[in-house]
Amino acid sequence: MQRRDFIKYCAASAAAVGAPVVSADARPHLYQRVKLVAENGAPLRARNLPANRNLIFHYPYAATPCFLLNLGRPAKAAAQLKTVDDKPYEWHGGVGAERSIVAYSAICAHKLTYPTRDISFISFRAEKSVGNKFARVIHCCSEHSQYDPADGGRVLAGPARQPLAAILLEHDAASDELSAVGTLGGEMFEQFFVKYAFRLSLENGTDAQRAVRGVTPVTPLESYCRQQVKC
Ligand code: FES
């Protein structure tokens, strides 16, 4: 969403504070506003994002990966979704000139599979395959949960019981730059840090839960990760 849209969106959410049907968990969770930049730190323009390509950045913590995707066509304008504990929320579509740019936590909502530097079992797949009856989905090969990135990360197949948590993006129409500002939906960060405490401490030292501030580099998945498992 553009900055003006985003402010309206937050105002609407704040106005709903007293509403009993929406829990705090299902409202946008705002973190630091962090600009997405190229690997070398140069500005990243939304118009230059390649379509249907897995791009990775880390947000809102140093060790929590996210997918940045240009779907190559507009995402749905809005999606009505629910967390695993039945809390409803509304996702407000993609950003950028074509409203085709979306971002999601890359931590699978089933059992927290995520892309590491060594291997990735979860990624966006533009094409169908033997194990993937849907095209244009984020597919986790662990137990084949499939999520629709054009529809707020909705679960299309597999055992996941809630959508991927969306990353809220802000698009500056003047500069064509993108910033991450928060999350929407069922975050899995607490469970993630507990489940992978040992591995994350080896990989990140004491840095895993450091809040990302300022800028976060965006990297093609094939550069970030040595091996991608396709299924
Ligand atoms: S961890 Fe992703 S489908 Fe089970």
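**Strand pairing and burial in a predicted model**

Strand β1 (residues 29-37) is joined to β13 by 4 bridges, and the two strands run antiparallel. Here strands (E, at least two residues) and helices (H or I, at least four residues) are DSSP runs numbered from the N terminus, and two strands are taken to pair if DSSP finds at least two bridges between them. The structure is a predicted model, in which local features need pLDDT of at least 70 and side-chain atom pairs count only at pLDDT 80 or more, whereas totals for chains, interfaces and linings use all residues. Residues are numbered from 1 along each chain as its sequence is written.

The chain has 4 helices and 16 strands. Of its 231 residues, 39% are buried; a residue is called buried if 20 or more other C-beta atoms lie within 10 Å of its own, exposed if 12 or fewer do, and partly exposed in between, with C-beta atoms placed from the backbone. Among contacts with a separation of 6 or more, 64% are made by residues 24 or more positions apart, a contact being a pair of residues whose C-beta atoms, placed from the backbone, lie within 7 Å.

Strand β13 (residues 177-184) has 7 of its 8 residues buried, so it is largely enclosed by the rest of the structure.

In soluble globular proteins, nonpolar side chains tend to be buried together. Leaving aside residues up to four places away in sequence, Y104 touches C66, F67, I138, P149, G153, L164, A165, A166 and I167.

An open sheet is formed by 4 strands in the order β8-β9-β10-β11, with antiparallel pairing. Its edge strands, β8 (122-125) and β11 (154-157), each pair on one side only. On average, neighbouring strands of this sheet are turned by 35° against each other, direction ignored; the axes are lines fitted to C-alpha atoms, for helices over the stretch in contact, and angles run from 0 to 180 degrees between N-to-C directions.

Within the sheet, 4 bridges join β8 to β9 in antiparallel fashion, and S123 stands opposite H139 of β9. Strand β9 (residues 137-140) is joined to β10 (residues 145-148) by 3 bridges, again with the strands antiparallel. Both faces of β9 are covered: V137 and H139 on one side, and I138 and C140 on the other, are all buried. Strands β9 and β10 form a hairpin with 4 residues between them, and H144 in the turn has a positive phi of about 65°.

Y147 lies in strand β10 and is the bridge partner of I138. With 27 other C-beta atoms within 10 Å, Y147 is buried. The C-alpha atoms of Y147 and V137 are 5.5 Å apart in space, with the residues 10 apart in sequence. Not counting residues up to four places away in sequence, Y147 touches V137, I138, G153, R154, V155, L156, P163 and L164.

Several backbone features in the loops were also noted. Most residues other than glycine have a negative phi, and most peptide bonds are trans. N52, although not a glycine, has a positive phi of about 60°. This residue is found in the loop between β1 and β2, and N52 counts as partly exposed because 15 C-beta neighbours lie inside 10 Å. R136 likewise has a positive phi of about 60° without being a glycine. R136 is found in the loop between β8 and β9 and, with 17 C-beta neighbours inside 10 Å, counts as partly exposed. The peptide bond from Y59 to P60 is cis, with omega near -5°, and P60 is placed in the loop between β2 (55-58) and β3 (65-70).

Notes. Contact = placed C-beta atoms within 7 Å.
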